[in-house]
Amino acid sequence: MAKLYFKFGAMGCSKTAQALITKFNYEERNMKVLLLKPAVDDRDGVDAVRSRIGIRAGAAVVQAEENIYETYLNTYSDCNVVIVDECQFLTPEQVDQLADIVMERDVPVLCFGLSTDFTTHLFPGSKRLFEIAQSISEIKSVCTCGAKATVNARIDERGRIVTEGSQVCIGGNDRYVAMCRKCWLKRQARERGSV
C-alpha cells in the first residue's frame, strides 16, 4: 500500500540529494518518476532540481494555484512514484491533493523539504504534511557547535541574523545557515549587543 512520506530537515542536510538519489533508485528499476518542485523555488532554474553536491535533474513545475491531483491524472498518470522537492512551498490544499494521489491511485508520494522558516515557524505545506503524512522522518544536520541543527537562520549581506521579513526568501548558503536553537539565540543576543 502506498504512503505519503515527509522527509524534512534544516538547510544543508542533503534533502535534495536524497530526493534525487531516490529518483535514481526508482528509475534504475525501470519505474517512471514524476519529480515536482514549486514554481517559487527558482534558485537553480525554474524547472531544475539541483543538490549542493552537484547532482541535478529536470522537474515539472507546480504553480501556486495548480491542482496537483488533476495535473497527475491528466498528464502523469503513468508515473509509478511522485517525488517533491522543496515541499514546504506547497499550499495545504496541494498537500491534500498529493494525499489523494496516494489514496486514489495507490502511488507513493515522497516529499522533501524544510519544516520551519527563519523565525522557527512552520511553513503551511510542512504543517499539513505533519498533520497527514503516513511516514515522517528527519534528515539531520549539524550546527558548528556539534549539536543537531534545527534552525534555518537567515543572514543578511553583512552576515548578521535576520529576524523579520517575508517567510519566503529563496537562497542557499549565501542566505541561510543551519544552526541549533541555542547558538541561534546566543548569536542574536550578541549581534544586538546584549552579550
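**Close-ups of a predicted model**

**View 1. Asn-67 puts a cap on helix α2.** Start at the N-terminal end of α2, which Asn-67 caps. Look for a side-chain oxygen of Asn-67: it sits 3.0 Å from the backbone nitrogen of Tyr-69. Keep in mind that this is a predicted model.

**View 2. Helix α2 has buried residues along one face.** The helix covers residues 68-75, and Ile-68, Tyr-69, Thr-71 and Tyr-72 are buried in it. Seen down the axis of α2, these buried residues fall within an arc of 165°, so they line one face of the helix.

**View 3. The cysteines form zero disulfides.** You won't find a disulfide anywhere in this structure, as the count is zero. Take Cys-13: the nearest cysteine sulfur belongs to Cys-87 and is 11 Å away. Cys-13 is also buried, with a relative accessible area of 5%. Now try Cys-183, whose closest cysteine sulfur is in Cys-180, 3.5 Å away. That's too far for a bond, because a disulfide needs the two sulfur atoms within 2.5 Å.

View 4. The chain averages a pLDDT of 89, and 92% of the residues score at least 70. Helix α3 (residues 92-105) has the highest confidence, at 98, while strand β10 (residues 161-162) has the lowest, at a mean of 74.

Notes:
Residues numbered from 1 in each chain as written. Predicted model: local features only at pLDDT ≥ 70, side-chain atom pairs only at ≥ 80, totals over all residues. Heavy atoms only, no water. pLDDT = per-residue confidence, 0-100. Helix = DSSP H or I, 4+ residues; strand = E, 2+ residues; numbered from the N terminus. Buried < 20%, exposed > 50% of the residue type's maximum accessible area, 1.4 Å probe, protein only. Arc of directions from axis to C-beta. Polar contact = N/O pair within 3.5 Å; in protein donor to acceptor, adjacent residues only side chain to side chain.
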